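Thanks for coming, everyone. Please have the viewer open.

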Amino acid sequence: MRLNAFLARAGVASRRRADELIKAGRVTVNGKPGQLNTVVGARDRVEVDGKEVVRQPLAYVLLHKPAGVVTTARDPQGRPTVVQLVPYEPRVVPVGRLDADTTGALLLTNDGPLAHRLAHPRYGAEKTYVAEVEGDPDEKALAALRDGIELDDGRTAPARARRLGRGRVELVLHEGRTHQVKRMLEAVGHPVTRLHRSVYAGLTLDGLAAGEWRKLTAREVEQLRTAARPPA
Ligand code: URA
């Protein structure tokens, strides 16, 4: 692992700030000054300002996000954040975003590389949303959602869409653009009145009430790694 990634994972600093510490000569690896391209392994001793950096275990948490909570680390309007809801050590941060009024499955982790892959549409972590909408989408609207909708940031990728009942639609996406579900449904004439993410990369909310969270099992972490694998 690159030295800056090691320092970031250990919670010492962001990667960029870690690069500054390295350039300033404040980081040593086995007693020698670290360089920007230094790679560190399990046996290396890394010190910052002479103090040993202790490795943090990787952590994975699934939160049932309630409405009214923001997915950013800090909110200028002072609303509660998901990070405050999950007082977990080591600190975990959300993968991607849900709007403040959206409820449902949100993964938090300190595994930066996995988070990056899961959030990348190319690797295709599947997300299932249940939307309550104005009106009642017909087959034509559902077909448009499946085929792709022309949004101002480009056409959406093929998706799965089905009607669950009057004014209720399930959408399964691999992309995660800002307000994507709301924009797609608005574009077919059915603005969203309520949005819930029921499944994230195969993880469901079974047994978790809104506001509750739990650690993932080792098997679920494996499942996530598979979901985040690049396409063949
Ligand atoms: N799409 C949206 O519009 N909002 C969300 O919170 C998630 C997906």
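Two strands pair if DSSP finds at least two bridges between them. Helices (H or I, at least four residues) and strands (E, at least two) are DSSP runs, numbered from the N terminus. Now the source. This is a predicted model, where local features need pLDDT of at least 70, side-chain atom pairs count only at pLDDT 80 or more, and totals for chains, interfaces and linings use all residues. Residues are numbered from 1 along each chain as its sequence is written, and side-chain values use heavy atoms, with hydrogens and water left out.

Start at strand E13, residues 192–200. Strand E8 (residues 127–133) runs antiparallel to E13, and seven bridges join them. Lysine 127 faces tyrosine 200 of E13 there. Strand E7 (residues 103–109) is parallel to E13, with two bridges. In that pairing, glycine 104 is opposite arginine 197. Then comes strand E14, residues 203–204, antiparallel to E13 over two bridges. Tyrosine 200 turns up again: its bridge partner in E14 is leucine 203. The E13–E14 hairpin has two residues between the strands, and alanine 201 has a positive phi near 45°.

Next, a separate topic: the open sheet. Four strands make it, in the order E2-E1-E3-E4, with antiparallel pairing. E2 (32–33) and E4 (51–52) are at the edges with a single partner strand each, so one side of each has no neighbour in the sheet. E3, residues 46–48, pairs with E4 over two bridges. Valine 48 sits opposite lysine 51 in that pairing.

Domains. The bounds come from an automatic or database domain assignment. It gives domain 1 (3–52), domain 2 (60–121 + 202–227) and domain 3 (126–200). The C-alpha centres of domains 1 and 2 are 28 Å apart.

Now the core. A nonpolar core is a set of buried Ala, Val, Leu, Ile, Met, Phe, Trp, Tyr and Cys residues joined through side-chain atoms within 4.5 Å. Buried means under 20% relative accessible area (1.4 Å probe, protein chains only). The largest one has 30 residues, and Leu108, Leu145, Leu171 and Leu185 have the most contacts inside it. Elements giving two or more residues to this core include E7, E8, helix H5 (139–147) and strand E12 (168–173). Domain 2 and domain 3 each supply at least three of its residues.

Finally, pockets. On a 1 Å grid over the protein atoms alone, with a 1.4 Å probe, a pocket is an open set of points with protein on both sides within 12 Å along at least five of seven lines; lining residues have an atom within 4 Å of a point. Grid points are joined across faces, edges and corners, and a volume is the space filled by probe spheres set on the points.

Where does the largest pocket lie? Between domain 2 and domain 3, because both give residues to its lining. Its volume is about 510 Å³. It has 28 lining residues; Arg97, Leu98, Asp99, Arg177 and His179 lie nearest its centre. Helices H4 (112–119) and H6 (180–187), plus E8 and E13, each give two or more residues to that lining.

The second largest pocket holds about 450 Å³. Its lining has 18 residues, with Ala8, Arg9, Val93, Asn110 and Gly112 nearest the centre. Domain 1 and domain 2 each give at least three residues to that lining. Helix H1 (3–9), strand E6 (93–94) and H4 each supply at least two.

Key
Buried < 20%, exposed > 50% of the residue type's maximum accessible area, 1.4 Å probe, protein only.
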